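Let us take a walk through this structure together. Have the sequence and the 3D view at hand as you read.

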Amino acid sequence: QVVLVESGGGLVQPGGSLTLSCAASGSIFSIDSMAWYRQSPGNQRALVARIFSGGGTNYTDAVKGRFTISRDNAKNTVFLQMNSLKLEDTAVYYCFAVVRGSPLAPLGSYWGQGTQVTVSS
């Protein structure tokens, strides 16, 4: 079993910055990818950014140039640096990881509990 623990959410004014962190722990042999999703009231959970084991990344168009995803492989941790925050970035942000628990195990997917990000003046 793998547990993802997020931190770093909070209240910020438009134009401000926040950094989210997500640490994975448990039965981990390797992490294929880690990602951040977000969900606001009345909307489906949607991908924000993803980073692969080789370092490749992709972002939803709405955050390109403002958000940066990175990871510390040694600590099984992923970060989301959010700059120039807008009102529409308000959402619960969820960490997601695709993990292999042992060399021959299939990949498993896991979610964090979510952290609230509120952008408001």
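Asparagine 76 counts as partly exposed, at 24% relative accessibility; here buried means under 20% relative accessible area, exposed over 50%, and partly exposed in between, using a 1.4 Å probe and protein chains only. You will find asparagine 76 in the loop between strand E7 (67–72) and E8. Its phi is near 50°, a positive value in a residue other than glycine. Most residues other than glycine have a negative phi. Serine 84 is another residue to look at: although it is not a glycine, serine 84 has a positive phi of about 50°. Serine 84 sits in the loop between E8 and E9 and is partly exposed, with a relative accessible area of 40%.

A word on how to read all this. The model is predicted, so local features need pLDDT of at least 70 and side-chain atom pairs count only at pLDDT 80 or more, while totals for chains, interfaces and linings use all residues. Residues are numbered from 1 along each chain as its sequence is written, and side-chain values use heavy atoms, with hydrogens and water left out.

Now step back to the whole chain. The protein chain has 11 strands and zero helices; helices (H or I, at least four residues) and strands (E, at least two) are DSSP runs, numbered from the N terminus. The radius of gyration of the protein chain is 14 Å, close to the 14 Å that the globule rule gives for 121 residues, so the chain is as compact as a globular protein of that length. That radius is taken over C-alpha atoms, and the rule is 2.2 Å times the number of residues to the power 0.38. Along the principal axes, the C-alpha atoms fill a box of roughly 50 × 25 × 25 Å. Of the 121 residues, 39% are buried.

Return to strand E8 (residues 77–82), where phenylalanine 79 is found. Phenylalanine 79 is partly exposed, with a relative accessible area of 28%. What does phenylalanine 79 touch, not counting residues up to four places away in sequence? Its partners are Leu20, Ser21, Trp36, Thr68, Ile69, Ser70, Arg71 and Asp72, where contact means heavy atoms within 4.5 Å. Phenylalanine 79 and threonine 19 are 60 residues apart in sequence, and 6.8 Å apart in space from C-alpha to C-alpha.

Finally, turn to the aromatic rings. A search of the whole structure finds four aromatic pairs. Rings of Phe, Tyr and Trp (its six-membered ring) pair if their centres lie within 6.5 Å; planes under 30 degrees apart count as stacked, over 60 as edge-to-face and the rest as tilted. The rings of tyrosine 37 and phenylalanine 96 have centres 5.7 Å apart and planes at 75°, so this pair is edge-to-face. Tyrosine 37 lies in strand E4 (residues 30–39) and phenylalanine 96 in strand E9 (residues 91–100), so the pair ties together parts that are 59 residues apart in sequence. Tyrosine 37 is buried at 16% relative accessible area, and phenylalanine 96 is buried at 14%.

Tyrosine 37 also pairs with tryptophan 111: their ring centres are 4.9 Å apart and the planes stand at 65°, so this pair is edge-to-face. The link joins distant parts of the chain, with tyrosine 37 in strand E4 and tryptophan 111 in strand E10 (residues 107–111), 74 residues apart. Tryptophan 111 is partly exposed, at 40% relative accessibility. Tyr37, Tyr94, Phe96 and Trp111 form one aromatic cluster.
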